[in-house]
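User: I've got a model open and would like to talk through some of its strands and a metal site. Can you take my questions one by one?

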Amino acid sequence: MNVSVKDNKEITFSCDVVILPLLEHQGVRPYRDIDKVLDGLLGKTISSREFSGRLGDMSLLHTQGRIKPERVLLAGLGKKEDVTPEMLRQAGGKAASYLRALGIRYAALSTRTIEPLHISPVVFLEGCLLSAYRFEKYRKEEDHKGLKRITVLSRKDIGTQIKWIEAAAKATYLARDLVNTPSNDMTPSGLVRAARSLKKVSVKVIDRKQAEALGMGAYISVAKGSMEPPKFIVIAYKGKNVRPVALIGKAITFDSGGISLKPSEGMEKMKYDMAGGAAVLGVMKAVAEMNLPVHLLAVLPATENLPGGSASKPGDVVRTLEGRTIEIISTDAEGRLALADAIGYVKKFKPAAIIDIATLTGACSIAFGNEAIAMMGNDDSLMAKLKKASEETAERVWQMPLFDEYREYIKSDIADLKNSGGRSGSLVSSGYFLKEFAGDVPWVHLDIAGTAWTDKDRPYIPKGATGIGVRLLMNFLKNL
Ligand code: BES
Ligand code: MN
Ligand code: ZN
């Protein structure tokens with residue numbers, strides 16, 4: 001989708017449709033001049049109550065050659081006192097989906113009602129862009145519908161903001177593609193290919209043998225049941241000469257549970273257990289494209305978790321990179337094993353902060369459904385920064401506590417730690433497990449198990465992989 005800005009009047013701008021956003025109870029007032037040329041068509045649609053202005057409400061009207069746009073789309077924004085950037089984003093997503101279904105190609109967006117709200121019209125566009133995603137690579141016939149061009153009618157200088165949301169949308173698309181791609185194609189080696197296709201970053205890959213030699217016994221124990229070669233992927237981006245921020249993405253390309261096998265119902269969705277890694281790749285792409293002045297060290301400890309003949313077994317004890325031992329209670333609590341070694345690895349580079357993003361626990365999705373990322377960490381100021389980015393992007397985070405008492409949950413009878421504290425409190429005891437490895441480095445853990453996948457279409461997220469975390473981390477890094 002091509003996005004541009006033009007200082008132009010609605011009635012003289014040639015396009016398939018001009019979108020006229022309207023608040024509830026606003027009436028035709030903001031568009032009186034247009035209504036006049038249209039012989040009162042807008043006013044009539046509103047007074048007849050065919051259009052109410054509620055969020056997502058829409059009316060499409062043909063202009064019969066009276067003005068340059070062939071159609072107008074009245075698009076509801078909700079009540080003035082309730083409007084937030086997120087509502088505008090959702091309105092954008094809904095408008096674009098509506099126009100897509102009708103096969104409409106070229107839209108213009110009027111900003112008259114948006115600009116007085118002191119919200120950037122660019123968030124509406126962001127909704128349009130994010131909602132236009134489709135995953136079609138496995139279909140014979142592609143769906144070529146959807147908006148091809150959108151022009152914002154404004155005299156404001158919003159070019160930089162547009163560049164940002166375009167980069168964010170492209171990076172989100174990349175993350176969604178990687179996650180939607182089934183695990184037979186999106187293997188650890190597939191993630192390596194995705195990493196190597198990024199520009200302005202350097203990529204290093206540690207294979208099974210090297211990881212063993214380095215002492216990443218926890219990470220490698222997850223890979224033992226699979227024939228698919230594990231790949232510990234390290235990506236660096238240096239936009240500034242400072243201590244790096246480390247981004248770690250869980251990258252289990254398929255999580256069968258291993259010997260602690262998962263139930264078969266819904267297991268096909270476990271291809272999304274690399275969504276944290278996909279988000280990190282998306283962030284690296286966008287950050288490099290935008291030349292952000294930050295230093296990033298990204299790590300994806302990629303592997304499958306399968307129950308092969310040489311797989312790890314419950315009761316096995318493994319040794320981490322830093323030397324501590326872990327008793328494997330459940331081979332299905334594999335994410336924290338891989339992450340423990342990833343955290344150990346990045347600590348050698350003296351990072352200023354570590355952020356891990358992972359589909360870590362079913363309990364996260366039980367607690368929040370699709371609506372929030374569970375956030376835990378050892379540094380309040382780092383968490384406050386993520387909270388701020390979360391408010392800007394509506395990729396919501398919600399903080400969970402890491403009480404010292406949770407240490408008891410992961411005490412092992414024979415090793416330094418165990419990888420599962422059982423069902424009770426598992427969202428937080430998993431976070432606590434990671435905290436043990438972060439030590440005194442400022443660290444935040446983001447559990448995206450509930451938000452990385454959606455079973456139903458959302459206003460600007462088609463069903464399937466959501467690409468969650470990309471915009472959150474992009475904004476966090478931009479604000480640094
Ligand atoms: N990848 C899963 C968590 C998950 C579940 C993500 C559902 C998305 C949807 C993780 O590896 C896992 O299996 N966790 C276990 C941990 C338990 C064995 C302590 C869980 O949450 O059930
Ligand atoms: Mn698992
Ligand atoms: Zn998992």
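User: Which residue in β8 does K204 stand opposite?

Analyst: This is a predicted model, so local features need pLDDT of at least 70 and side-chain atom pairs count only at pLDDT 80 or more, while totals for chains, interfaces and linings use all residues. Residues are numbered from 1 along each chain as its sequence is written, chains are lettered from A and ligands numbered from 1 in the order in which they are written, and side-chain values use heavy atoms, with hydrogens and water left out. Strand β7 (residues 202-206) and β8 pair in the antiparallel sense over five bridges; strands are DSSP runs of E of at least two residues, numbered from the N terminus, and helices are H or I runs of at least four, and two strands pair if DSSP finds at least two bridges between them. In β8, the residue opposite K204 is V234.

User: What is the bridge partner of A236 in β11?

Analyst: β8 also pairs with strand β11 (residues 295-305), in the antiparallel sense over eight bridges. The partner of A236 there is L297.

User: How many of the eight residues of strand β8 are buried?

Analyst: Buried means under 20% relative accessible area, exposed over 50%, and partly exposed in between, with a 1.4 Å probe and protein chains only. Strand β8 (residues 231-238) is largely enclosed by the rest of the structure, because its count of buried residues is six.

User: Now the metal: which residues coordinate the manganese ion (ligand 2)?

Analyst: Donors are N, O and S atoms within 2.8 Å of the metal (3.2 Å for Na, K and Ca), and since water is not among the atoms, sites may look incomplete. The distances here run from 2.1 to 2.2 Å, and one residue gives both O and OD. The residues are D255, D332 and E334.

User: Which residue coordinates both the manganese ion (ligand 2) and the zinc ion (ligand 3)?

Analyst: The two ions are 3.1 Å apart. The residue that coordinates both is D255.

User: How many residues apart in sequence are the parts that D255 and D332 tie together?

Analyst: D255 lies in strand β10 (residues 251-255), whereas D332 is in the loop between β13 (325-327) and α10 (335-347). The pair therefore ties together parts separated in sequence by 77 residues.

User: Is D255 buried or exposed?

Analyst: D332, at 23% relative accessibility, counts as partly exposed. D255 has a relative accessible area of 3%, so D255 is buried.
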